[in-house]
Amino acid sequence: MEKSKSTLSRTYPTEDNKFVAYMIIPPDGGWGWIITLISFIGFIILEGITLSFAVFRDQMSHSLKTNTTLVAVIGSIFVGTYFASGIFACAVGNRYGFRIVMMGGSTVMIISFIITGFIKNIYVIYAVYGFIGGIGAGFVMMSLILPPGFYFSKKRPIAMGLSSSGTGIGAMVGPTLMELFAEKYGWSHSILIEAGFLITFLIMGIFLRPLEPLRILITADNKQDLDNIDEKGTLSEVVETLRGSMVVIENAPPDMIPQLREMIEPKEAIAASRVSVFSNSSIDILSRTSLAEYKEMPKARPLYKTDVMYGGNLMRLEEYTEKETEMDYQFDVTLPATEKDIREEVERKCLLCPEAVVRGFTSLFDFKLLRTPAFLCFSFCGLLVYFSFHIPFLYIADKYEKQGFGEENNNNPLTIIMIGLGLASGRILSGFVLTKFPNIGAVLVLMIACFTAGLSSVAMCWWNNIVYEIICLTSYGFFVGIFLPLRSVIIVDFFGLHRLTTGTGMITIFQGIGSLMGSPIADFLYNRFDSANAPFYVAGVGLLLCPPVLFLMKIFHKRRR
C-alpha cells in the first residue's frame, strides 16, 4: 500500500526541495512584562468577581424566593463551566490569538451579566450567568494563563507566579468591594457594576500584542526526503529527516539577531552526552532588512509549542539539558504548522472550524491517559483541590457573623485580606522557588502543601479566636495556591513533556468537576447542621485526602517504570 504524502511536506516551499515552517522564540522579557502585568490585573478582576458571588447569596435567596443551596449552584455552574470552556478557548486562541479570546470572552461575560441583572428566575440565571457567563470567563481565564508562558522561557516560573498572584489580590478586594455595593444597591445592580469592571478586559486585550514568528527554511539534499516527514513530528525531527539539510532562520528582527546568535552557540560546560540536531546541518540567521518580500505569514500558534504550559525551571527538563544549544531545544518543542493550516489563514478560508482549532483541541484530549493509574490519581487530586479551594473564601464571612466577630468588631475585611494575601504570596514565592531550585521534589512539596492547607481549614473550627483564625486563614491561602504552579511540573516529571498539553487539558476537566461539586455540598451541610464550621470541615477533608492520593500516584508510577 502506497504511503500517503505528509500534510507537512512542501508547505509554501520557495523551491521544490525546501521545507517552510514558523517558530516562536520567547523574548523572555521586554513586552512580556507588560503581558504579565495584564495577566495580573486580569486575575484580580476575574477571581475577585468569582470569589465575591457568596456575598449575594442571602439577597438572591430572598429575592428569588428559593434556598441558599440552589443559589450556591449558580456560582458552581459558573466556575465549573469556565474550567471546561477554557479548553475550547485554548484551541480558539491557537488560531485567532489571545487578543480575540480575551475580548470575545469578556464581551460574552458583559452581556450575560447585564441580562442577569434583570432576571428574577433562578433557572434562567443558571443558564445566563452560570453557563453563558462561565463560557465567557473560561475564554478570559485562558487569555490570562497562557500568554506569560508564551512570552517567557527561562523566566517563565517567575512571570507565571507573579501573574497568577492576582488571584489572591482579587480574593482580598473583590468580596469586600462587592459587599459594600450589595448593601447599598442590592445584588442585581451589583452584578451590573461587575459588568462595568469587565470592560477593562476589552481595553487590556488591545495590548496583547501577538509575537511575530520566525520563518524557518529547511533545505533537503534529497527532494524525496520531504515525503517522509512525520505529520506529528517536531522541527528537530524534520531536520533529522532531511539529511544533510541546511537551516535558514529568516525574517529575524534586527534587535533579535544577537539573541539568536547566542542560541546557536554551545551552552557552557557542555557534557559529552549532549547532542545537537544541527551537527550534520548548517544554520544561518538572516535579518528581515536583508531579505526580499515575504508572503503573508500566519499568526503564532501557542499550542504548537509543547512546553508553553510548563511552569518549572528548564534545567529540570531532559529535553533541555541534553541539548547542545538553546536553538536545539526550541526546535525540539516546536510543532510545524500543516499546509492546510497555513493556507486557511493566508487565504482566509474555513473561519468556523479551521485546522489550527481542530488540531489544538485534539492536542488537549487523550482519554487513554485515564487508563494510567498514576495519571488518574493526579487527576483525582486536582478534583479534590478545586472541590475545596473556593469554600473557605465563600463562607468565611458567614462564619464570623455567627461567631460575632464580623459586624461588631469589623473584622470581616481583615480576615478576607489575610486569606487573599496568603494566596498571593504563595503563588509569588512558588515562582521564585521553582526558578532557584530546579531539582526540588514537586510531589513532596504538594503533599505537604495540601496537608497543611487541609489542616488549616479544619483547625479554624477548633478555637473561636480572631488572631488564631487569621493565622489559619493565611496559612490556608498560602498553601492551597501552590497546586497550580506545581501542576505542570508534576505532569512533566511523571508523564513526560510530550504529554504536558494533553495532561493539562484532562486535569482541567477534573478541576471543573471539583469546582462544580464543592460549594453546593458545603452549603447543603451548612444549612443541614446550621453550623458555620461545616464548610471548613468539608474543605479540610477534601485537601487532607490529597497526600494519600499523591502517595498512591508515586507507587503506581514506580511499578509502571
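A polar contact, as I use the term here, is a pair of N or O atoms within 3.5 Å, one able to donate a hydrogen and the other to accept it. I keep in mind throughout that this is a predicted model.

**Entry 1: helix α5**

With that cut-off I looked at the start of α5, where a side-chain oxygen of Asn121 reaches to within 2.9 Å of the backbone nitrogen of Tyr123. I then followed the helix itself, which covers residues 122–151, and found that its 30 residues reach 42 Å from the first C-alpha to the last, close to the 44 Å expected at 1.5 Å a residue. Where does α5 bend? The bend is at Gly134 and comes to about 30 degrees. I also checked how far α5 is covered, and noted that 23 of its 30 residues are buried, so that the helix is mostly covered.

**Entry 2: strands β2 and β3**

I turned to the pairing of strand β2 (residues 214–219) with β3, which run antiparallel and are joined by five bridges. Within this pair, Thr219 stands opposite Met246 in β3. Is strand β3 enclosed or open to the outside? Six of the seven residues of β3 (residues 246–252) are buried, so the strand is largely enclosed by the rest of the structure.

**Entry 3: two positive phi values**

I looked up backbone angles next, bearing in mind that most residues other than glycine have a negative phi. Lys65, which is not a glycine either, has a positive phi of about 55 degrees and is found in the loop between α2 (57–64) and α3 (68–96). Is Lys65 buried or exposed? With a relative accessible area of 75%, Lys65 is exposed, because that value is over the 50% cut-off.

**Entry 4: the surroundings of Ser52**

I then examined Ser52, found in the loop between α1 and α2, which counts as buried because its relative accessibility is 0%. A polar atom of the Ser52 side chain lies 2.9 Å from the backbone oxygen of Gly48, and a polar contact of 3.3 Å joins the side chains of Ser52 and Glu194. Setting aside residues up to four places away in sequence, I listed what Ser52 touches: Gly174, Pro175, Met178 and Glu194.

In helix α1 I picked out Phe40, which counts as partly exposed at 25% relative accessibility. Phe40 and Ala159 are 119 residues apart in sequence, yet I find their C-alpha atoms 9.6 Å apart in space. Leaving aside neighbours within four places in sequence, Phe40 is in contact with Leu162, Ser163, Ser165, Gly166 and Ile169.

**Entry 5: salt bridges**

How many salt bridges does a search of the whole structure find? The search finds four, and I wrote down details for some of them.

In one of them the side chains of Glu326 and Lys154 meet at 3.0 Å, N to O. Glu326 lies in helix α12 (residues 326–332) and Lys154 in the loop between α5 and α6 (156–164), so the pair ties together parts that are 172 residues apart in sequence. The accessibilities I noted are 14% for Glu326, which counts as buried, and 46% for Lys154, which counts as partly exposed.

Another salt bridge is formed by the side chains of Arg156 and Asp307, at 3.7 Å, N to O. This pair links distant parts of the chain, 151 residues apart, with Arg156 in helix α6 and Asp307 in the loop between β4 (282–287) and α11 (318–321). I find both Arg156 and Asp307 buried.

I also recorded the salt bridge of Arg316 with Asp493, whose closest N and O atoms are 2.7 Å apart. Because Arg316 lies in the loop between β4 and α11 and Asp493 in helix α21 (residues 483–495), the pair ties together parts that are 177 residues apart in sequence. Arg316 counts as buried at 18% relative accessibility, whereas Asp493, at 34%, counts as partly exposed.

How values were computed:
Residues numbered from 1 in each chain as written. Predicted model: local features only at pLDDT ≥ 70, side-chain atom pairs only at ≥ 80, totals over all residues. Heavy atoms only, no water. Helix = DSSP H or I, 4+ residues; strand = E, 2+ residues; numbered from the N terminus. Buried < 20%, exposed > 50% of the residue type's maximum accessible area, 1.4 Å probe, protein only. Pairing = 2+ DSSP bridges. Expected span 1.5 Å × (residues − 1). Bend = angle between axes of the 7 residues up to and from the residue. Contact = heavy atoms within 4.5 Å.
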